[in-house]
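Hi everyone, thanks for coming. Please bring up the structure on your screens, and we'll walk through it together.

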Amino acid sequence: MTTDAPTFDPVGANAGSKLFWRRVRSILAHALLIGASILMLYPLLWMLAASVRPENEIFTSASIWPSEWSIDAYFRGWSGLRVSFGTFFANSFVISVLSVMGNLMTCSLAAFAFSRLEFGGRKFWFAMMLMTIMLPSQVTLIPQYVLFRDLGWIDTILPLVAPKFVAVDAFFIFLMVQFFRGIPRELDEAAQMDGCSPWRIYWKIMLPLSLPVMTTAAIFTFIWTWDDFFGPLIYLNKMGQYTVMLGLRTFVDSTGESDYGGLFAMSVLSLVPIFVFFLFFQRLLIEGIATTGMKR
């Protein structure tokens with residue numbers, strides 16, 4: 001009576017080896033990503049820790065775990081200035097919302113004209129519009145300031161909001177043009193056969209289909225406007241009109257005493273609206289970026 005001797009299966013051993021090294025590479029890749037994430041999040045975590053630690057420990061410890069917890073900096077930062085920090089939040093919110101409304105309204109109209117309407121010099125004006133993306137904002141700063149001063153708009157929010165209602169952000173126009181070009185023209189032709197005007201085609205067909213790209217433009221406009229420091233610094237001089245970014249600057253005084261605890265506490269709060277705005281529209285933002293320029 002004979003028994004079969006165990007045989008070596010090179011195919012199975014090779015498959016097992018590949019599976020082992022695939023798992024090793026996966027573990028190493030995840031470890032690298034986690035380490036990079038911690039490195040990137042460290043400044044944010046340190047700022048959060050600085051907002052709840054005593055004032056004398058803010059710059060003496062690199063740890064993100066405070067030795068003593070205190071939320072006094074939040075109360076001090078919110079009401080420690082001549083104007084409540086809530087006023088700065090309200091000002092930033094009004095400016096950001098109006099900027100979003102202006103950009104969505106005028107940039108989408110301009111993009112619809114460039115992508116769907118036929119008019120003389122369309123390619124020329126589209127190229128000129130794209131050239132403004134490469135134009136540094138510092139080049140037009142002084143002419144704009146002189147114009148707004150002559151109009152009597154200094155110390156108002158109009159210089160920060162009014163340009164958004166005349167389609168000055170060429171980046172969003174280009175983004176929407178690429179998205180509109182991906183929408184089949186057969187929809188326009190069918191609407192025209194039913195007697196729709198270009199305005200109704202824009203309002204009834206293009207806008208409902210353009211929710212992802214419109215959300216993308218809204219998110220970027222809100223974030224960029226909320227984080228803008230230079231614009232409000234140039235045009236707003238009264239403390240009651242300050243935005244959040246200007247309000248944060250008031251905590252640091254080169255000639256007197258600075259409240260770094262209040263500064264970090266209000267910096268943490270200033271991130272909340274951006275985080276919430278992005279959290280609610282994250283899916284549409286990714287979809288808008290991913291589908292821009294794709295043919296449907």
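Let's begin with a word we'll need: two residues are in contact when they have heavy atoms within 4.5 Å of each other. With that in hand, look at the contacts in this chain between residues at least 6 apart in sequence: 72% of them join residues at least 24 apart. Please keep in mind that what you see is a predicted model.

Now for the overall picture.

Let's move to one helix and two of its partners. When two helices pack, we describe them by the angle between their axes and the distance between those axes.

Our helix is α3, residues 85-116, and its partner here is α7, residues 170-181. Their axes come within 8 Å and cross at roughly 50°. The crossing of α3 past α7 is right-handed. Which residues make the contact? On the α3 side they include N103, L104, C107 and F114, and on the α7 side they include F172, I173, M176 and F180. Sorted by class, this contact of α3 with α7 has 11 nonpolar, 3 polar and 2 charged residues.

On to the other partner, helix α9, residues 198-209. Here the axes of α3 and α9 are 11 Å apart, and the angle is about 110°. Because 65 to 115 degrees counts as roughly perpendicular, that is how we describe α3 against α9. From α3, the residues L104, M105, S108, L109, F112 and R116 meet P198, W199, I201, Y202, M206 and L207 of α9. This contact of α3 with α9 divides into 10 nonpolar, 1 polar and 1 charged residue.

Finally, a look at cysteines. A disulfide is a covalent bond between the sulfur atoms of two cysteines. If we count pairs of cysteine sulfur atoms within 2.5 Å, we get 0 disulfides. Is C107 buried or exposed? Its relative accessibility is 0%, and buried means under 20%, so C107 is buried. C196 has 22% relative accessibility, which lies between 20% and 50%, so C196 counts as partly exposed.

That's my tour, and I'm happy to go back to any helix you like!

Note on methods. Residues numbered from 1 in each chain as written. Predicted model: local features only at pLDDT ≥ 70, side-chain atom pairs only at ≥ 80, totals over all residues. Heavy atoms only, no water. Axes fitted to C-alpha atoms, helices over the stretch in contact; angles between N-to-C directions. Helix = DSSP H or I, 4+ residues; strand = E, 2+ residues; numbered from the N terminus. Left-handed = near helix turned anticlockwise from the far one by under 90°. Nonpolar A, V, L, I, M, F, W, Y, C, P; charged D, E, K, R; others polar. Buried < 20%, exposed > 50% of the residue type's maximum accessible area, 1.4 Å probe, protein only. Parallel < 35°, antiparallel > 145°, perpendicular 65-115°, else oblique.
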